[in-house]
Amino acid sequence: MGVEIRPWGRLDDGRPVQLATLSNGRGFEVRISDFGARIVSILAPDRDGTLGETVLGFAALEDYLTDAYRAAGPYFGATVGRYANRIGGARFTLDGREYRLAANEGANQLHGGPVGFNQAVWTMTPLADEIGVRLIHHSPDGDQGFPGAVSVSLEVVVAADENRLVLRYFATTDRPTHINLTTHPYFNLATGVERTIHAHEVAVLANHYTPADDACIPTGDIVSVLGGPLDLTAPRRLGAIIDQAALAGTRGLNHNYVLGDQFADTPRHAATLSHAATGRRLEVWTTEPGLQVYSGGYLPELQGRNGEQINPTAGVCLETQHFPDSPNQPHFPTTRIDEHLPYRSQTELRFFAG
């Protein structure tokens, strides 16, 4: 039980990287690296008490640095920013001034640009009175085109009395800017048993979503999911959802669900992912107004931590965040922060077995 931080290798430029192991002594263990504030592993018990891996990733730092991984850019477990998801045209106007951002997905920006927070080495220290670590990153004015110098803090905490991982985000700026943070694990509650998430069931507590164009940039509309191919208000098998003809253009799910019209003061239940064969169940709770559900249709072919083959639909992302392209959609919940209006967000991953 507790926190252990150890060296985990070096980046190509020589910067040292660390790996922290957080354990509550109940058979629940999380590993996180200061490279990209990245969740590397979440071990959780099944109904028989057997520990198993629940996220995609690698055992060695070097596997996150290969040409194949970098070319594919799946963001395994990383904290992404300044802006999670997409900003259309890689630009926005703030207080009458247009800012042009670094594009990295065609004409658009994805997950903060070509050199986002996922590539930074954050400063990581253990927390004094919790089973957790604090990771800090400073982003200078003009970073990837964004205005303002921003300081970001992420606390990653394992609860002592239950199998719960808490992610607490905080950011300040010296001038108005936009920020939208998330952490990007791919879940597979049957990793080592099944190579895909087809047998998982998912439910999302949202009646609406934000439709998008072929580049995944929202049209600005907010539309009901009820009765349609994106209706997840009751648990549905992921394999059946992914195979729908209506979702062929996005290779399955890659959609932003509307949890609320504003940021919540306390975490609300957003989604449940379950796997009947192992009995594992994951509940996602968050203060964020949106949840990007991505069923991994564009995952590359890679070899995972124990030699298992990673292919499309090997994992599903449940990314808690504000809506894509909010800086260009004034009726979406705002992602603007100011000197006296910092960014706060909390997401909880609650694991059960039965």
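This presentation covers the sheet, the cysteines, the aromatic pairs, and the cavities and pockets of one predicted model.

Let me begin with the conventions. The model is predicted, so local features need pLDDT of at least 70 and side-chain atom pairs count only at pLDDT 80 or more, while totals for chains, interfaces and linings use all residues. Residues are numbered from 1 along each chain as its sequence is written, and side-chain values use heavy atoms, with hydrogens and water left out.

Helices (H or I, at least four residues) and strands (E, at least two) are DSSP runs, numbered from the N terminus. Two strands pair if DSSP finds at least two bridges between them. Nine strands make up an open sheet with antiparallel pairing, in the order E11-E12-E13-E14-E29-E23-E22-E17-E20. At its edges stand strand E11 (123–126) and strand E20 (236–237), each with a single partner strand, so one side of each has no neighbour in the sheet. Within the sheet, strand E12 (residues 131–139) and strand E13 (residues 150–158) run antiparallel and are joined by nine bridges. Ser-139 stands opposite Val-150 in E13.

Next, the cysteines. With a disulfide defined as a pair of cysteine sulfur atoms within 2.5 Å, the structure holds zero disulfides. For Cys-216, the nearest cysteine sulfur is that of Cys-317, 13 Å away. Burial is assigned with a 1.4 Å probe on protein chains only: buried means under 20% relative accessible area, exposed over 50%, and partly exposed in between. Cys-216 counts as buried because its relative accessibility is 16%. Cys-317 is also buried, with a relative accessible area of 0%.

Now the aromatic rings. Rings of Phe, Tyr and Trp (its six-membered ring) pair if their centres lie within 6.5 Å; planes under 30 degrees apart count as stacked, over 60 as edge-to-face and the rest as tilted. A search of the whole structure finds 13 aromatic pairs. Phe-58 and Tyr-69 form one that is edge-to-face, at 5.7 Å centre to centre with 80° between the planes. This pair links distant parts of the chain, 11 residues apart: Phe-58 lies in the loop between strand E5 (51–53) and H1, and Tyr-69 lies in helix H1. Both Phe-58 and Tyr-69 are buried. The rings of Phe-58 and Phe-76 have centres 5.7 Å apart and planes at 45°, so that pair is tilted. Phe-76 sits in the loop between H1 and strand E6 (79–80), 18 residues from Phe-58. At 0% relative accessibility, Phe-76 counts as buried. What cluster do the ring pairs form? They link Trp-8, Phe-58, Tyr-64, Tyr-69, Phe-76, Tyr-186 and Tyr-294.

On a 1 Å grid over the protein atoms alone, a cavity is a set of points where a 1.4 Å probe fits but cannot get out, and a pocket is an open set with protein on both sides within 12 Å along at least five of seven lines; lining residues have an atom within 4 Å of a point. Grid points are joined across faces, edges and corners, and a volume is the space filled by probe spheres set on the points.

How many cavities of 30 Å³ or more are there? The count comes to two. The largest cavity holds about 70 Å³ of space. Its lining includes Ile-39, Leu-167, Tyr-169 and Leu-349. Strand E14 (164–173), strand E16 (182–183), strand E27 (317–321) and E29 each give two or more residues to this lining. Ile-39 itself is found in strand E4 (residues 38–45) and is buried, with a relative accessible area of 1%. The second largest cavity has a volume of about 60 Å³, and among the residues nearest its centre are Asn-188, Glu-194 and Arg-195.

About 870 Å³ of space lies in the largest pocket. Of its 38 lining residues, the closest to the centre are Ala-72, Gly-73, Pro-74, Tyr-75 and Leu-110. The largest share of the lining, four residues, comes from H1. The second largest pocket has a volume of about 280 Å³. It is lined by 13 residues, with Phe-263, His-322, Thr-334, Arg-336 and Pro-342 nearest its centre. Strand E28 (336–337) and strand E29 (343–353) each supply at least two residues of that lining.
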